[in-house]
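User: I would like to learn how to read aromatic pairs and surface patches in a model. Can we work through one case?

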Amino acid sequence: GLGLGFVLLTFVVGDYLSPLADRQGHLLKARHLQQITVGQTGAWLREKQPDSLRSVNIQSLSPEGDMKGIRIFEFDRQGVLMSVTQAAHGSFSQDEDAWLLSDVSRDEFIIRDGQRTELRRQQSPQLAWTSGITQDMVSVALLKPSRMGTIDLFQYIQHLEENAQTAQRYEIEFWKKVFYP
């Protein structure tokens with residue numbers, strides 16, 4: 001009974017309290033530095049859509065959860081670049097099915113008969129962009145896997161596998177957390 005109690009205590013502290021405290025520490029640090037970032041290139045995420053593939057780059061995340069320096073590259077199923085969207089800032093909508101982008105520039109390549117024939121440029125002050133990439137996924141991409149909870153790791157591994165990305169680093173950390181207690 002005492003051993004089982006220590007196993008549960010270890011699991012709760014390692015899986016909930018430690019990541020929560022670490023996340024709060026990062027947010028406190030971010031408040032002083034005004035952003036959370038990963039090196040020079042930021043965080044890269046990939047998302048499959050029924051008719052396209054998207055690669056998303058986010059330079060940094062503010063302590064309030066707003067994104068800065070967003071670039072979205074959209075490819076067709078053959079890997080041909082269809083559009084590039086850039087936004088200075090972005091936030092997550094309440095239902096988390098869309099991002100609310102501001103100061104947006106979008107370049108769209110029109111392809112006819114397999115050839116690029118036209119480039120359309122659009123500027124808009126705001127744009128709602130539908131995406132399955134949630135705020136948790138963005139923050140996960142900016143944090144180390146050891147600082148994530150077991151459930152967050154599992155959900156992120158599922159996202160990576162659905163988008164044909166390597167999840168080995170996260171799987172190893174997931175199983176470490178499962179078997180540690």
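**Reading the rings and the patch**

Analyst: This is a predicted model. From the N terminus on, the elements of the protein chain run α-β-β-β-β-β-β-β-α-α-α, which comes to four helices and seven strands.

User: What describes a pair of aromatic rings?

Analyst: The distance of the centres and the angle of the planes describe such a pair. The structure holds five aromatic pairs. One of them is Trp-44 with Phe-73, stacked at 6.1 Å centre to centre with 20° between the planes. Trp-44 belongs to strand β2 and Phe-73 to strand β4, so this pair ties together parts 29 residues apart in sequence. Trp-44 is partly exposed at 42% relative accessible area, while Phe-73, at 18%, counts as buried.

User: Why is the pair of Trp-99 and Trp-129 edge-to-face?

Analyst: Planes over 60 degrees apart count as edge-to-face. The planes of Trp-99 and Trp-129 stand at 65°, with the ring centres 4.9 Å apart, so the pair falls in that class. Trp-99 sits in strand β6 and Trp-129 in strand β7, 30 residues apart. Both count as buried, Trp-99 at 0% relative accessibility and Trp-129 at 8%. Together with Phe-92, Trp-99 and Trp-129 form one aromatic cluster.

User: Which element gives the largest share of the nonpolar patch?

Analyst: Helix α1 (residues 2-33) does, with seven residues. The patch has about 790 Å² of accessible area together, and Leu-2, Phe-6 and Ile-151 are among its members. Tyr-16, another member, is found in helix α1 and is partly exposed at 42% relative accessible area.

Note on methods:
Residues numbered from 1 in each chain as written. Predicted model: local features only at pLDDT ≥ 70, side-chain atom pairs only at ≥ 80, totals over all residues. Heavy atoms only, no water. Patch = residues over 30% accessible without salt bridge, like charges linked within 9 Å, V, L, I, M, F, W, Y side chains within 5 Å. Areas by Shrake-Rupley, 256 points an atom, 1.4 Å probe, with all protein chains shown as cover. Salt bridge = Lys/Arg side-chain N within 4 Å of Asp/Glu carboxyl O. Helix = DSSP H or I, 4+ residues; strand = E, 2+ residues; numbered from the N terminus. Buried < 20%, exposed > 50% of the residue type's maximum accessible area, 1.4 Å probe, protein only. Phe/Tyr/Trp six-rings, centres within 6.5 Å; stacked < 30°, edge-to-face > 60°.
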